[in-house]
Amino acid sequence: MAMKRLNLKKFLNKPGLGDRYVAAIKKLKADGVYQLFVDWHADDRFHSLARPGVYKVAHDNLTFLHWHRAYLRLFELELQKADEALQTAANPKFDPDDVISLPFWDYPALNSPNPDDETGRMWRESFMGPTGDASAGDPYSVLEGPFKAEFWQLYHRVPNDVFATEFEHHLGVEAGNPSSHLIRDLGGSLLSGLGSFSLLPTTSEIKRVLEIADFDNNIFSTGGRLNTGPAADSGSFRAVLEGWATIPPENGSTDIDPDEAEVQSQMHNGVHGWVDGTMDRVPIAPNDPVFWLHHANIDRIWAIWQTRHPTSDEQYPPSVDITAIKEGSEPPPEPFGVKQNRYALQLNEAMVPWDEPDKKWRTPEGRELLTTQVITPGDVANWAAMGAELGGYRIQGVSSRKLDF
Ligand SMILES: [Cu+2]
């Protein structure tokens with residue numbers, strides 16, 4: 001199905017589209033498809049630890065953007081099927097070409113946590129619903145809107161020992177009882193406790209990130225961490241956009257004013273922190289339906305970058321570099337075990353979980369959900385010509401070199 005991703009601001013101005021997004025998301029949840037996508041995302045961290053030869057490649061890694069582009073498009077195709085089914089049931093003459101695509105959250109245009117503000121309208125009760133309630137029985141639970149607890153339960157199918165260490169704290173998730181509901185503290189720092197980890201990217205920051213020429217020189221995202229290093233630590237495009245490295249200063253200046261560095265956003269990671277709660281725990285973050293709007297914009301920023309840095313040297317590190325890093329023996333940080341961040345894929349290596357042809361996915365009860373094909377970083381690298389398996393790929397405002405903020 002065709003992809004036509006709209007700026008969320010415009011999307012919400014078109015009558016009915018916001019309701020259709022919510023309805024399609026809820027249908028996917030009822031069908032079990034939504035949970036499959038949540039599980040895929042959690043598996044990148046958790047099940048990679050349990051499967052020999054499987055590495056974490058979706059986060060803190062060279063293929064962060066590639067993995068999420070495939071993930072997003074697969075989700076969008078399911079969302080479009082759900083939208084088509086709902087629309088056709090209501091109106092048999094519905095034209096399938098009119099299905100919705102994922103809108104992208106243009107952060108500077110929608111940067112208020114207050115649903116009464118025009119720039120905070122995505123948090124109204126008719127769409128995403130508001131921030132969590134600090135005085136709720138379970139603090140910061142989302143109590144209004146289509147995703148409040150009675151309509152939207154979360155199920156975390158990850159090992160209990162991981163819950164104990166990573167999730168129990170503040171999330172109301174107990175080991176042995178891995179279900180909960182949405183938690184948010186918009187604009188706050190409920191869980192992160194770090195000021196810079198709860199800022200939305202500004203227009204200036206996004207422009208500076210788009211000027212970085214190196215796709216990835218810092219494949220496992222160590223070093224160059226925000227606020228801790230000199231200008232020389234400014235990171236590659238991927239490391240900065242993911243949120244691990246310092247955004248370069250304006251106009252090619254080599255100085256980073258330490259005072260200025262302190263107020264930088266952490267790009268992708270910072271948006272997770274700004275929404276906070278469920279979104280701030282990366283493995284379970286897709287449980288918050290705002291996840292897709294956020295990642296659609298990250299994908300769009302990458303697509304814009306790709307049109308500005310078109311040479312192949314810029315697009316992906318040479319294979320020899322990747323191999324050298326693969327063989328690196330430096331132990332990774334605890335607690336996530338020996339395989340975290342120690343592997344980078346070649347352009348033609350499959351990205352788990354899409355590593356087998358005609359792979360069938362089922363619910364735990366055995367009901368069939370969908371079938372996937374092998375997807376490599378190379379398959380999704382060219383957004384303008386993605387293969388038939390993933391559908392055509394066009395993002396409004398990207399074909400022109402002019403920015404559409
Ligand atoms: Cu992710």
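I started at the end of H10. Just after this helix, aspartate 276 takes a positive phi of about 70 degrees. I kept in mind that this is a predicted model. Aspartate 276 is not a glycine, yet its phi is positive. I placed the residue in the loop between helix H10 (267–275) and helix H11 (290–308).

Is aspartate 276 buried or exposed? I looked up its surroundings. It has 27 C-beta neighbours inside 10 Å, so it counts as buried. The cut-off for buried is 20 or more.

Next I went back along H10 itself. How many of its 9 residues are buried? The count is 9 of 9, so I noted the helix as mostly covered, given the cut-off of 20 or more C-beta atoms within 10 Å. Among the buried residues are Met267, His268, His272 and Trp274. Asn269 is buried too, as are Gly270 and Gly273. Val271 and Val275 complete my list for this helix.

What covers them? I found that the cover includes helix H7 (203–210), helix H8 (237–242) and H11.

Aspartate 358 has one, of about 50 degrees, and is not a glycine either. This aspartate lies in the loop between H13 and S3. The limit for exposed is 12 or fewer.

I stayed in that loop for the peptide bonds. Which bond is cis? I found the one from valine 352 to proline 353, with omega near 15 degrees. Proline 353 sits between helix H13 (319–326) and strand S3 (359–362).

Last, I turned to the nonpolar cores. The largest has 79 residues. Within it, Ala70, Val240, Leu293 and Met351 touch the most other members. Several helices give two or more residues to this core: helix H1 (8–13), helix H2 (17–31), helix H3 (33–45), helix H5 (64–90), H8, H10 and H11. Which element gives the most? It is H11, with 11 residues.

Another core, of 6 residues, lies apart from the largest one. I noted Tyr140, Val142, Trp152 and Ile183 among its members.

Terms used
Residues numbered from 1 in each chain as written. Predicted model: local features only at pLDDT ≥ 70, side-chain atom pairs only at ≥ 80, totals over all residues. Helix = DSSP H or I, 4+ residues; strand = E, 2+ residues; numbered from the N terminus. Contact = placed C-beta atoms within 7 Å. Core = buried A, V, L, I, M, F, W, Y, C linked by C-beta atoms within 7 Å.
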